[in-house]
Number of protein chains: 2
Amino acid sequence: MSTMVDALTKLCFMIICMCQASLCYSLSFQWLKSHSNHRCDDDRCQQFQTILQNVDHFGFFNTDTFTQRYILNKDYWQHGQPIFFYTGNEGDIDLFCGNTGFMWDIAPKFHAMVVFAEHRYYGQSLPYGNQSYSNPEYMRYLTSEQALADYAYLLDHIRTSVAGTEQSPVIAFGGSYGGMLAAYFRMKYSHIVVGAHAASAPILQMATPCESFTRIVTEDFLSESSQCVDIIRSSWHAIDRIGLLPGGRERLSKLFKLCHPLKSISDLKNWLFDMYANLAMVDYPYPTSFLADLPAFPIRIFCANVTSTSSKTLSTDEEIVKRVVKGVNVFFNYTGHTQCLDIGSEGTRSLGVLGWSYQSCTEFVMPICSNGITDMFEIQPWNFQAFSEYCFAQWKVKPRLEWSFVEFGGKNITDLRSYSNVIFTNGNLDPWSAGGINSS
Amino acid sequence: MSTMVDALTKLCFMIICMCQASLCYSLSFQWLKSHSNHRCDDDRCQQFQTILQNVDHFGFFNTDTFTQRYILNKDYWQHGQPIFFYTGNEGDIDLFCGNTGFMWDIAPKFHAMVVFAEHRYYGQSLPYGNQSYSNPEYMRYLTSEQALADYAYLLDHIRTSVAGTEQSPVIAFGGSYGGMLAAYFRMKYSHIVVGAHAASAPILQMATPCESFTRIVTEDFLSESSQCVDIIRSSWHAIDRIGLLPGGRERLSKLFKLCHPLKSISDLKNWLFDMYANLAMVDYPYPTSFLADLPAFPIRIFCANVTSTSSKTLSTDEEIVKRVVKGVNVFFNYTGHTQCLDIGSEGTRSLGVLGWSYQSCTEFVMPICSNGITDMFEIQPWNFQAFSEYCFAQWKVKPRLEWSFVEFGGKNITDLRSYSNVIFTNGNLDPWSAGGINSS
């Protein structure tokens, strides 16, 4: 584990939706569903301001505007000193504000102003209000380039309206997709941003072998227990076999204590996949409540639950599944307060999920696959064509795989040699680190 | 005059349409009208290739594509050696190819591939064919950002399809608006372009005092003859007074030997303004036929004609106008082959004029004014509101003055301190140099 992880775990490890083939693992914002009332109670993150933005920065035909939300905090700021600017990603800005301790930790030392800008189409920064996701014509302005232009306008506004900021250097910060944006902001707007800290930013993910993500997830579990990994690996077929029996889905619903009857086996397996990935992303050495209420080293606890039993053999499918259930409760019910588990495949989807689904169907296709050999999952090859068809069915758009490379570079790390003052940090346990910048 | 001018005059000094208040001095492409059949007869500039481009790079809703034209020349290229890439501006690409000698001059020394990319909406690179300018919905994709993305895609295509270019460094070149694009290309696409030579690129024009342009034009004439400037300055009222007389416009038409009866006095004055500006832009120390067939030092010849007379006094308006006419013939009829002069205010407008009119009504508002004191023109204040209304009437769009500053920087030269490897060159006689980068 990188020595940086401890410092970085205070940074937000936001989660990017993993989409593959015809199914979309809506990793990101699983937590939003269960934490929809979980807002940062830090007063600093409730000091909202707004700015009017053009819906389309890159054209003059559409003159619609919308209200973008941001947080501006001067608690530590001194005249002329830096602006720390968080390039908001796929969610409510107060959540990022409340979970990006690193900026707050260092702001006093630098006498910095702290700004968190909400990403368009997320939180309350909705270009077409609650109709923003209602049709392709309204959604077409959900792109990273438009978001970066929002941020550039916002900084221009701050620097021309807040006395003492005229010459303030701007440092961009962000985690995960927000980290990508922080890096891109420095790359594309060097006249505004002098440097960026891009945490856990998988800017090479689009060009990274698709099995890297699942391999790292598996390695995180392997480092705790190979028996744990064996049980997980064997659980997929066990679930399938139970599901095929008469009353099998009802049995699985009961074993997992699901709130609603299971509609399909794949819903359950996708939900489990998400959970394993989430556990790998938040395998912090201290308790957190970021994605869920979790103990320190949650994978260790998960595997301890899965492997601790008087029985040494796994004689039946049901025995295997029951062990997995014991692990599942670490993630979904560590507090013991949860009566039943909602796998939510048909639940109300938050705007966060919708937004990232669209973005991963357009600019940020992040191939993820599993081969069952270097990972503990079922074989799930990456199929761009099928993914593209899924996107068209879902959003009436098709991804352009090459676009992010052309626009931002990133096919090779050497593409980025022309850029400067961007610090990339990654946690080695984070499965997204495979798509991150891990060398100087 | 800068010592650079001699080298630079081989570079294309393309001309940007100056628009102010309700009138648009269609400086650019006055020459296209008269030179519409004047194509580069250099074979190198006839080696066209095409590439399919997305009409909208910055969104995924519109999936239309169009054919972009470019010229790719390998005469001097060696495997792995640089690509010299001209970021095409507002006109047919073969014209820029044939008038950018600097690239051709140095290509052999660097064993460089030479590429000229045609700007969308100009030449034959029309996103919606001959309907491209027919409505605002079709025109909305005419922006510099879209053009730069075209160039990025084109280079990606070349580097993946032409063996030996994979590692070739790319140097961008351009003149005038093309120079702005070359600089912006390096700024925004540093992962593709390692450096840029931006010739006569008025990237600060949008923030330059509006009277700078006309002041420099006037200084160019003053350096030849203060009497010449006095005559030009007095000519505006002389023209007005003649025009107000019964049969006055007919008289002016006859004096200037116009092909068609003069419809309005302002048409004549705008046409003269354009000519003075053009003369300043192409006041080269050798004969050229770039904007017109001109002698070396055309302003010197112009003023010699205007001031050489046996009469020492200018007793009448008609005498003043006749002197101006003697100058006008230097620009419009130096060869003596022209039977009559077509001021063309109602002539067929080339796509180049249309395109730049749209661009100056959206991203690139370039304020130009005259005060009659530091310049030899009539008082013409800069009125953004009126200009904006003109744009809306013309194109159904309104300019956003701040956009180019936010997107590209350039309110202050120090905005650009974060960028590197961009060489700005200007000729001091060029009135656009006021908006250029004239210090390191």
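**Close-up views of helix and strand packing**

**View 1. Helix α9(B) passes helix α13(B) in a left-handed crossing.** A crossing is left-handed if the near helix is turned anticlockwise from the far one by less than a right angle. The contact (heavy atoms within 4.5 Å) involves B:Gln227, B:Ile231, B:Ser234, B:Ser235, B:Ala238, B:Ile239, B:Arg241 and B:Ile242 of α9(B), facing B:Asp317, B:Glu318, B:Ile320, B:Val321, B:Arg323 and B:Val324 of α13(B). In this predicted model, local features need pLDDT of at least 70, side-chain atom pairs count only at pLDDT 80 or more, and totals for chains, interfaces and linings use all residues. Residues are numbered from 1 along each chain as its sequence is written, chains are lettered from A in the order in which they are written, and side-chain values use heavy atoms, without hydrogens and water.

**View 2. Helices α9 (residues 226-244) and α13 (residues 317-332) of chain B pack at about 125°, their axes 8 Å apart.** Axes are lines fitted to C-alpha atoms, for helices over the stretch in contact, and angles run from 0 to 180 degrees between N-to-C directions. Helices are DSSP runs of H or I with at least four residues, and strands are runs of E with at least two.

**View 3. An open sheet of 7 strands in chain A has the order β3-β4-β6-β5-β7-β8-β9, with mixed pairing.** Strands pair if DSSP finds at least two bridges between them. Its edge strands, β3 (48-54) and β9 (422-425), each pair on one side only. The twist from one strand to the next averages 25°.

**View 4. Strands β5 (residues 83-87) and β6 (residues 113-117) of chain A run parallel, joined by 5 bridges.** A:Tyr86 stands opposite A:Phe116 in β6(A).
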